[in-house]
Each structure stands twice: as C-alpha cells, then as structure tokens.
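Please consider the following model with attention to its ligand site and to the way its parts meet. A short briefing is set out by topic.

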Amino acid sequence: MSDAENDSQKTDQDIDLTVVLPAYNEEEILGSTITNLITGLDEKKYQYEIIIVENGSRDATLRLARMLGAQLSQLRVFTLPVGNYGAALKTGFLAARGKVVVSFDVDYYDLSFLEDAFTAIGDGEADVVVASKRAPGADDQREALRKLVTAVFTTILRSLFDMKVTDAHGMKAFRRETVQPICEQCVTTESLFDVELVIRAGNAGLLLTEIPATVIEQRPARSHILKRAITAILGLFTLQRALGFPAVKKVLGIGQKKTQIPSKTV
Ligand SMILES: Nc1nc2c(ncn2[C@@H]2O[C@H](COP(=O)(O)OP(=O)(O)OP(=O)(O)O)[C@@H](O)[C@H]2O)c(=O)[nH]1
Ligand SMILES: [Mg+2]
C-alpha cells in the first residue's frame, strides 16, 4: 500500500509533466535535487508535479520528503513499506497525472534530456524516450567496470529479448496514456522493472526513441559491482519468464511476431 500525501488540487488536465523520483536513503542530496528540479522546471514554465516514492530508507529521507511536500504544492510523496526500486517506480508511474512522465534518480537527472524528450513526445515522434548511456554521442563518466556490465547486459537484452533501444535502465520519459496500461502489465520488480517496461512497450508497437545520455552521478555508486553483475544475469531468467520466454522461442524459431520499430536518435 502506498499513501499519497499532499495531494494537490490540480487535475490531470492541468499537468503536462510528472517527474517521478524513487528515493532510498537519500537524506544528503534529496533537498538539493528537489531545489534544482524546481528551479529548472519553473524556468521552463512547465505545468508539473514531482512525485517522490520512498521505501525502506533507514535514514531521514521520508521525514525530509514529507517536510518538503508540506511546503511545496507541486510535490507529492508516497511511501511503501519495503525497499524496492521497481515497485517504487511503478507506484510513481501509475500515480502520475502529467501528459508526459519522466523518471529521474535522486543522484542522476538532466533537464536538457527532459526538454528534448518532452518535445519528441509532444510532437508525436515518440511514445517512450530513453536516455541511452550507449548511444553514439553518449558521455558515460561512470567507472569502466560499471560500463562493461551495462554493455554486456544491454547486448543480451537486444539480441535475446529484441529490446529496441541500446539502454533501458536510467532516465526515461513516456506518454502517460499509452504507457500506463503497459506499466500495469509488468510483473518484475527491483531494477528489472523499467527494463521489462521498455521491452513490453517495444513489443506493443509503441514508438521508442533514444537520446544519448550524459551520465554524471551526484555521488559515488552505492552498490557493489559484482553483486550488481550477478543480479543482472539472474534477472535475465526472471525476465524470460515474465515475458513468455522470448529467447527460447527465438532459438527454436517459434511464435516470432516481428514488429521492427527502428529506434532513432533525436
Ligand atoms: N524507493 C526506492 N528508491 C530506490 C531504491 N533503491 C534505489 N532507489 C533510488 O533509485 C535511484 C537510483 O539508485 P542508486 O542507488 O543510485 O542506483 P544506481 O545508480 O542504479 O546504482 P549505483 O551505481 O550503485 O549508484 C535513486 O534515486 C535511489 O534513491 C529502493 O529500494 N526504493
Ligand atoms: Mg546512482
């Protein structure tokens, strides 16, 4: 169960953008991230809301989020009992009211990505826009081993799951009305959730686009790279089951319905 606090009076019609921020143990940078986002979004004159979805934090993240929510009418705060990145994203995506929904990390966000994605979706060029760390022109400043894990994981996703873009984990934006129903179908959690969402969106024939990402995280990585790599590999089996064993079908050459949607770079 989630509880939405500080539900503002705005209706769906009033809001053109929802920013979803999952937050876990982020007391150190949550305040500055919210300030930076609000400053940038106000400058661009969006009608927006920001949704923070906290769960499982052992620090003052929830208290801080609630305090900010009490002061800022454009901020809505949700909390779930157990820490889970994917569950938090799903909660935020389903609660979103903006025509365009964008997900950022507390330590990784980019307002120029938002602007480009918002325009692409508004112009009908895309339903889903991902910020790709692997697209030509991307600037990924993470350490080499993390980049290698991303490279291996996304190569597998593209070859065995027909993922239509070169990266799925990280910043992304989508058209709410077409993607929320797909969001409801997703069954995986943790870091697989957004990968499943992007693959399902491609399978459903939605228009996927990618924008080369600039990755500069606001703090050092918190997860151990080996644990991350093992989780990613094990996740492939979970994802297979969730999506009806696409790789097995591919290898056996059965049930292939191929809707080739070229991803493109805007
Ligand atoms: N609600 C919620 N948010 C989470 C959870 N885990 C991570 N997050 C948030 O998701 C975003 C990304 O988390 P990070 O810990 O930076 O993960 P990452 O960038 O993929 O991995 P690192 O390379 O280790 O930094 C941040 O906004 C986190 O606060 C969780 O269990 N619940
Ligand atoms: Mg991070």
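This is a predicted model: local features need pLDDT of at least 70, side-chain atom pairs count only at pLDDT 80 or more; totals for chains, interfaces and linings use all residues.

Ligand 1 lies between the two domains, because both of them give residues to the shell around it.

- Domain 1 supplies 20 residues to the contact, and domain 2 supplies 25 residues.
- On the side of domain 1 that touches domain 2, the elements giving two or more residues are H3 and strand S4 (100-103).
- H3 gives the most to this side of domain 1, with 7 residues.
- By class, this side of domain 1 has 12 nonpolar, 4 polar and 4 charged residues.

**Shell around ligand 1**
- Ligand 1 is surrounded by 18 residues, of which Pro 22, Tyr 24, Ala 88, Ala 221 and Ser 223 are the closest.
- Strand S1 (17-23), strand S2 (48-55) and helix H3 (85-95) are the elements that give two or more residues to this shell.
- S2 provides the largest share of the shell, 3 residues.
- The shell divides into 8 nonpolar, 5 polar and 5 charged residues.

**Packing of H3 with H6**
- H3 packs with helix H6 (residues 176-185) at an angle of about 145 degrees, and their axes are 10 Å apart.
- The crossing of H3 and H6 is left-handed.
- In this contact, Lys 90, Phe 93 and Leu 94 of H3 meet Gln 180, Cys 183 and Glu 184 of H6.
- The residues of the H3 and H6 contact comprise 3 nonpolar, 1 polar and 2 charged.

Conventions
Residues are numbered from 1 along each chain as its sequence is written. Chains are lettered from A and ligands numbered from 1 in the order in which they are written. A residue is near a molecule or strand if its C-beta atom, placed from the backbone, lies within 6 Å of it. Helices (H or I, at least four residues) and strands (E, at least two) are DSSP runs, numbered from the N terminus. Ala, Val, Leu, Ile, Met, Phe, Trp, Tyr, Cys and Pro count as nonpolar, Asp, Glu, Lys and Arg as charged, and the others, Gly among them, as polar. Domain bounds come from an automatic or database domain assignment. Axes are lines fitted to C-alpha atoms, for helices over the stretch in contact, and angles run from 0 to 180 degrees between N-to-C directions. A crossing is left-handed if the near helix is turned anticlockwise from the far one by less than a right angle, and right-handed if clockwise. Two residues are in contact if their C-beta atoms, placed from the backbone, lie within 7 Å.
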